[in-house]
Amino acid sequence: MKLKGKVAVVTGGGGAIGGASAELFAAQGAKVVVSDFNGRTAQQVVDKIRQAGGEAVLAEADVSKVPETAKIIQAAMDAFGRVDVLFNVAGVELVKSLHEHTEEDYDRVMGVSLKGSFFCAKYAVQQMMKQGSGVIINMGSIAALNGHAQLASYCAAKGALINFTKYLAIEYAPYNIRSNCICPGTIATEMVKRAAAANPDLVEKNVLQHPLGRMGEVREISDVALFLASDEASFITGVSIPVDGGYSAGKVYR
Ligand SMILES: NC(=O)c1ccc[n+]([C@@H]2O[C@H](COP(=O)([O-])OP(=O)(O)OC[C@H]3O[C@@H](n4cnc5c(N)ncnc54)[C@H](O)[C@@H]3O)[C@@H](O)[C@H]2O)c1
């Protein structure tokens, strides 16, 4: 019970990694706010948590709209009275090069990943400052650590989250608020299936670049999120952890 008595907010909680993380957090004793703009899939996660004996509420919201980010944190306050953990998982992929990008493409990708995480963090830290504790986990990517062809706005958004994570760590350390980022390699989810549908070759070649020679599993990300959210990581703040089968360690020649 690594999160016993804690209240956790998970955005993108109706998706693969967010849903698995919400369920794992709840199984470890957290009361969870499952937030997603897809209310149907997020409600399914809430139902699963409750069926397993846990506590969860739904907060249907579009994180790219600032007033809705405030509502997510308010939902945690209304249901459980505090916010101990914010896991900013919501994100969208877009396989598109810069020279093809429209303003709408940029706004969508940056709006969900960067702006959404930024403003969810804003409203969460306002509460965490009052509590004198809190944990924020942002969702980066290997595309945050290195350039990736055809992922123009995705690289820009995820890369920015790494330094935003460091910023949060520095500014809010005096309030005992920790901030870290997870940078997954390619994980077997619908998002990757969609990217593969757009460009199968890109995903296949990408997987071969993981030294462990496979995609990661959702659980391999949620386990790291649980660790970072828990007191086991009490002296870790401001870091971005690759969880990528060795992808960012160096080049593989296959
Ligand atoms: N799957 C991978 O290989 C991989 C690798 C690195 C990073 N990531 C990141 O992990 C996160 C989760 O990815 P996933 O594979 O679980 O994808 P997913 O598509 O299953 O989950 C993403 C969730 O975000 C939600 N979402 C999208 N736009 C939203 C918005 N405006 N407001 C609120 N919610 C919104 C979607 O409805 C979905 O439930 C993303 O940030 C993604 O960029 C994934």
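Tutor: A nitrogen atom of the ligand lies 2.7 Å from an N or O atom in the side chain of Asp62, which is a polar contact (a pair of N or O atoms within 3.5 Å). This is a predicted model, in which local features need pLDDT of at least 70 and side-chain atom pairs count only at pLDDT 80 or more, whereas totals for chains, interfaces and linings use all residues. Residues are numbered from 1 along each chain as its sequence is written, and side-chain values use heavy atoms, without hydrogens and water.

Student: Which polar backbone atom is 3.0 Å from a nitrogen atom of the ligand?

Tutor: That atom belongs to Val63. An oxygen atom of the ligand is also 2.6 Å from an N or O atom in the side chain of Tyr154.

Student: Which residues around the ligand come nearest?

Tutor: Asp36, Asp62, Val89, Tyr154 and Thr189, of 29 residues around the ligand; a residue is included if one of its heavy atoms lies within 4 Å.

Student: How is a pair of packed helices described?

Tutor: By the angle between the two axes and the distance between them. Here the axes of α4 (residues 103-131) and α6 (residues 152-172) come within 9 Å and cross at roughly 15 degrees. That makes α4 roughly parallel to α6 (angles under 35 degrees). Tyr154 is among the α6 residues in this contact, and Tyr106 and Phe118 are among those of α4; contact means heavy atoms within 4.5 Å. The contact residues of α4 and α6 comprise 16 nonpolar, three polar and two charged.

Student: At what angle do α1 and α9 cross?

Tutor: The axes of α1 (residues 16-27) and α9 (residues 218-229) cross at roughly 50 degrees and come within 9 Å. Those two helices are therefore oblique to each other. In α1, Leu24 and Phe25 are among the residues that meet α9, whose partners include Ile221 and Leu226.

Key. Axes are lines fitted to C-alpha atoms, for helices over the stretch in contact, and angles run from 0 to 180 degrees between N-to-C directions. Helices (H or I, at least four residues) and strands (E, at least two) are DSSP runs, numbered from the N terminus. Angles under 35 degrees count as roughly parallel, over 145 as roughly antiparallel, 65 to 115 as roughly perpendicular and the rest as oblique. Ala, Val, Leu, Ile, Met, Phe, Trp, Tyr, Cys and Pro count as nonpolar, Asp, Glu, Lys and Arg as charged, and the others, Gly among them, as polar. A polar contact is a pair of N or O atoms within 3.5 Å; within protein, one must be able to donate a hydrogen and the other to accept it, and residues adjacent in sequence count only if both atoms are side-chain atoms.
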